[in-house]
Every structure is written in C-alpha cells, then in structure tokens.
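Here is a short tour of one protein model, written to be read with the viewer open. Please take a look at the sequence and the structure before reading on.

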Amino acid sequence: EADRRLRELVASTEHALAQTKPLERRRVRKLMEDAKPLLETPGVDGEAVRSMALAREKLDDRLRKQTHHAEQRMEQAGSKLNELEGHVEAGELKQAEPLYQSLSATLDLLEASGLPRKQYAPVSERLHRLAPRLRDLQKWRKWGADTHRDELCRAMEELESAQIPLEAKSLRLHDLQMEWKGLDKGGSPVNHPLWNRFHAASEKVYESCKPYLEQQAEAREAARG
C-alpha cells in the first residue's frame, strides 16, 4: 500500500512539474508532507524513493526560481500600475488592456508562490478599483465598433445598386472589406448578425463585379504569357 501511494505521489509531482503555469506552493508542500512518512516506511520501493527524491529537488529548484521571478515582478508592479492608471484616465484601451492582463498575471504568480498577501494587497486593491473603468472603456469600444460596422453594412448594400463603372465598384468593394478587417484587428468582439449582413451584401457586389474581375485576371495571365 505504501509503494502504491508513493508511486501515485511521484506521478502527481511529475505532473506538476510538466505544467507551464506557476506551481502552487501550498500544493507542493502538501505533496511533500504526504510523501515524508512513506519515504520512511521500511521496505518501501527503492525506485519510487529515488524518483520522489529527484522530483523533490526539481520542485524545490523551480519554486525558488518562481519566487525570485515573482519578487522581481512585484518590484515592477508599482510603476506598471501608474502607467495603467494614466492610460485608463486617457481612455487609451489598447495600451491599458495588456498592462492590466500583465498585472493580473503577476498577482496570480504572487499568490501561487506563497508570498505574504500584505506585500501585494495594495497592488491588488488598486487594480480592483481600475477594473470597472476598464470594462466601461471596453463597452464603449464595442459600441463604437458596432456603430462603424453598421455603417459599413449600409455602405456595402448601397454599393450593390450603385450605377458606377465596375472598376470603381470593385475598388470600393475591396476598400470596405479592408475597413471591416481593420475593425476585427482592433480587438472588438465580432458582432455575428452584422457580419452575416455585411458578408451577404459583399457577395452580391462581388457577383456584379465578377465579369470585370475575370476580364482583369485574363489580361494579367496573357501579359505573363
């Protein structure tokens, strides 16, 4: 029974080491505490004992490095918070979001590494106060992007019936599609009903431009020949 339990703990320890996310100090300490009496059991499997000893060395080494990294990030947290507050005040969501995510990850790392909460409580509180204002900025971005998408839908629908040369129509089709892609790259969540509307209108415009586009493709092929 001791052999079986020790092998289970070795497997749990190796699984923890294989994870890329931060180690949880409390969980690691629990594993070590559970293993200690088993390692002292007379006649226990020698191979499992050696595996556990090696895994323990690796865990201790990784925890030391992780704690050192956490302390370094803690030192940088104050200046990052000041920078984040400045971007939030200025309504600069693009710059604020990665800083907020980085600071949230730092807090997760500090907690997992077992650093005293009083050391990072002020950072946690300041970040918590900024969260509602950041969400407001995200809502405004979505509203603004969806308003822009609605305008692009109407522009594409008007283009379908526009009595203009096919060359001009195909160029306008391309410009509107690139403008839509630019909104997607801006990080605003996709509005699927608006996308379906825009895509349907784009397909109709493309069909009307198809004779011109095919003619241009044939001319390019002939020039290459």
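Let us begin with a charge and a ring: Arg-149 lies over the face of Trp-180, at 5.7 Å from the ring centre. Please keep in mind that this is a predicted model.

Trp-180 also takes part in ring pairing. The whole structure holds four aromatic pairs. In one of them, the ring centres of Trp-180 and Trp-195 are 5.8 Å apart and the planes meet at 50°, so the pair is tilted. This pair links distant parts of the chain, with Trp-180 in helix H6 and Trp-195 in helix H7, 15 residues apart. Another tilted pair joins Trp-195 to Phe-198, with 6.4 Å from centre to centre and 35° between the planes. Those two residues both lie in helix H7, three residues apart, about one turn of the helix. Together, ring pairs link Trp-180, Trp-195 and Phe-198 into a cluster.

How accessible are these rings? The table gives each value.

| Residue | Relative accessibility | Class |
|---|---|---|
| Trp-180 | 2% | buried |
| Trp-195 | 34% | partly exposed |
| Phe-198 | 2% | buried |

Now for helix H6 itself, residues 166-185. Its 20 residues should span 28 Å at 1.5 Å a residue, and the end C-alpha atoms are 29 Å apart, which agrees. Which residues of H6 are buried? They are Lys-169, Ser-170, Leu-173, Leu-176, Trp-180 and Leu-183. These residues cover an arc of only 140° around the axis, which puts them on the same side of H6. The cover over them includes H5 and helix H7 (192-224). On the face turned away from the buried side, H6 carries the exposed residues Leu-171 and Lys-185.

Elsewhere, the largest nonpolar core has 20 residues, of which Leu-81, Leu-84, Val-88 and Leu-110 touch the most other members. Helices H3 (46-89), H4 (93-112) and H5 (117-161) each supply at least two of its residues, and the largest share, seven residues, comes from H4. Beyond its neighbours within four places in sequence, Leu-84 is in contact with Ala-96, Leu-99, Tyr-100, Leu-103, Leu-127 and Leu-130. Apart from this core lies another, of 16 residues, among them Ala-2, Val-10, Leu-31 and Ala-48.

One last stop is His-87, placed in helix H3. Is His-87 buried or exposed? At 15% relative accessibility, under the 20% cut-off, His-87 counts as buried. Not counting residues up to four places away in sequence, His-87 touches Glu-92, Gln-95, Ala-96 and Leu-99.

How values were computed: Residues numbered from 1 in each chain as written. Predicted model: local features only at pLDDT ≥ 70, side-chain atom pairs only at ≥ 80, totals over all residues. Heavy atoms only, no water. Core = buried A, V, L, I, M, F, W, Y, C linked by side-chain atoms within 4.5 Å. Buried < 20%, exposed > 50% of the residue type's maximum accessible area, 1.4 Å probe, protein only. Helix = DSSP H or I, 4+ residues; strand = E, 2+ residues; numbered from the N terminus. Contact = heavy atoms within 4.5 Å. Expected span 1.5 Å × (residues − 1). Arc of directions from axis to C-beta. Phe/Tyr/Trp six-rings, centres within 6.5 Å; stacked < 30°, edge-to-face > 60°. Lys NZ or Arg CZ within 6 Å of the ring centre and 35° of its normal.
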